Amino acid sequence: MKRKRTKVPRRIDCLIPQGFIGPARVIRKYGIPSVRSFVYIVFSLSIVFFHEGCTVHHIPKDLSVIQGAVQPFSIGETVKLINAQAFSKEVLTTSRGYDLPVNYKQYTESAIQLMEKEIEKNGGIVSEGASKAIHLSIVNVSLTKSLMRYRSIIDATIQIGKGHVQGYNSTASGGLEEAVDLAIAKLVVSILNDQKVRSYLK
C-alpha cells in the first residue's frame, strides 16, 4: 500500500530557492511522506533560519515606553519637534529569513510622535509655533538574527535649536517587529534622559 504524500504548502514552497538542490528538489517533485513529518518540520525551520527572501512591511505605531523609563523633567517653554529626515524612499534591511523595507522618514515620525507623548506627560506642550526646536533624524536601521530572536539596531541624530548635534544608538531584541518598536522606544528614552536635552527644554 502506497503511503499518502503531503503537498508542500505554498507559503513554504515560496521560500525554497529556485536553484537549490537536494531536499528542496525532492520535496517539490515527490512531496513529503506523512510518516516523516519531523523531516518536514526540520526542513521548514532551516528555510526560515537561513533563507533570505520573505518581505515584511512594518510601520511602527502606537509605541510606548516602560513606565518610569523616562525620568521626570520640567519644560519651561513650548517646544517644536521636527522630522529632519528628508529621505523618504524605502531602504531594504535584510536579516536571515526576512527583508524589512525601512522608510527612515516614516520611522523618524513614529519616534517623534512617541517623544511628543512623553513630553506632554511631563506637562510640556509641543507646538509648531514654539521658539525652541528639536530636529530628529533616524539615519540607519539594521537587523541581526540569533535563533528565534531578532536584534534591531537604530542610529539617529538630533539637533537642538540651531546648534548642537548629537548622535544616538539604541538596540533591542525580540520578534522582528517587536525588536524594531522597542529600539525606537529606547531611542526616545535615551534622548529625553539626556542632560543636554533636558537643560535645553528648561
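Mentor: We'll take the ground rules, then the sheet, the helices and a few residues.

Trainee: What are the ground rules?

Mentor: This is a predicted model, with local features needing pLDDT of at least 70 and side-chain atom pairs counting only at pLDDT 80 or more, while totals for chains, interfaces and linings use all residues. Residues are numbered from 1 along each chain as its sequence is written, and side-chain values use heavy atoms, with hydrogens and water left out.

Trainee: How many helices and strands does the protein chain have?

Mentor: Six helices and nine strands. Both are DSSP runs numbered from the N terminus: helices are H or I with at least four residues, strands are E with at least two.

Trainee: What share of the residues counts as buried?

Mentor: 41% of the 202 residues in the protein chain. Buried means under 20% relative accessible area, exposed over 50%, and partly exposed in between, with a 1.4 Å probe and protein chains only.

Trainee: And what share of the contacts joins residues at least 24 apart?

Mentor: 67%, among contacts in the protein chain between residues at least 6 apart in sequence. Contact means heavy atoms within 4.5 Å.

Trainee: On to the sheet. In what order do the four strands come?

Mentor: The order is β4-β7-β8-β9, in an open sheet with mixed pairing. The edge strands are β4 (79–83) and β9, each pairing on one side only. On average, neighbouring strands here are turned by 25° against each other, direction ignored. Axes are lines fitted to C-alpha atoms, for helices over the stretch in contact, and angles run from 0 to 180 degrees between N-to-C directions.

Trainee: Which way do β4 and β7 run, parallel or antiparallel?

Mentor: Parallel, joined by five bridges. Ile82 stands opposite His135 in β7. Two strands pair if DSSP finds at least two bridges between them.

Trainee: How many bridges join β7 to β8?

Mentor: Twelve, and those strands run antiparallel. Ser146 has Arg149 in β8 as its bridge partner. The hairpin has two residues between the strands, and Leu147 takes a positive phi near 55° there.

Trainee: How do β8 and β9 pair?

Mentor: In the antiparallel sense, over ten bridges; β8 covers residues 149–160 and β9 covers 165–174. Arg151 stands opposite Ser173 in β9. Gln159 has Val165 as its bridge partner in β9. In this hairpin, four residues lie between the strands, and Gly161 takes a positive phi near 60°.

Trainee: Which strands does helix α5 lie across?

Mentor: Helix α5 (residues 176–193) lies across β7, β8 and β9, at about 145° to β9. Helix α4 (residues 104–121) lies across β4 and β7 (132–146), at about 120° to β7.

Trainee: Let's zoom in. Where is Ser170?

Mentor: In strand β9.

Trainee: Why does Ser170 count as buried?

Mentor: Because its relative accessible area is 4%. Leaving aside neighbours within four places in sequence, Ser170 is in contact with Ser152, Ile153, Ile154, Ala183, Lys186 and Leu187. A polar atom of the Ser170 side chain lies 2.7 Å from the backbone oxygen of Ala183.

Trainee: What about Ala130, buried or exposed?

Mentor: Buried, with a relative accessible area of 7%. Ala130 lies in the loop between α4 and β7. Not counting residues up to four places away in sequence, Ala130 touches Thr78, Val79 and Lys80. Ala130 and Glu77 are 53 residues apart in sequence, yet 7.8 Å apart C-alpha to C-alpha.

Trainee: And Asp62, buried or exposed?

Mentor: Exposed, with a relative accessible area of 72%. Asp62 sits in the loop between β3 (54–55) and β4. Asp62 has a positive phi of about 55°, although it is not a glycine.

Trainee: Where is Ala86?

Mentor: In the loop between β4 and β5 (90–95). Ala86 is exposed, with a relative accessible area of 67%. The C-alpha atoms of Ala86 and Tyr104 are separated by 8.5 Å, with the two residues 18 apart along the chain.

Trainee: Last topic, rings. What sits over the ring of Tyr200?

Mentor: The charged end of Lys132, 5.3 Å from the ring centre. A charge sits over a ring if NZ of Lys or CZ of Arg is within 6 Å of the ring centre and within 35 degrees of the ring normal.

Note on methods. A polar contact is a pair of N or O atoms within 3.5 Å; within protein, one must be able to donate a hydrogen and the other to accept it, and residues adjacent in sequence count only if both atoms are side-chain atoms.
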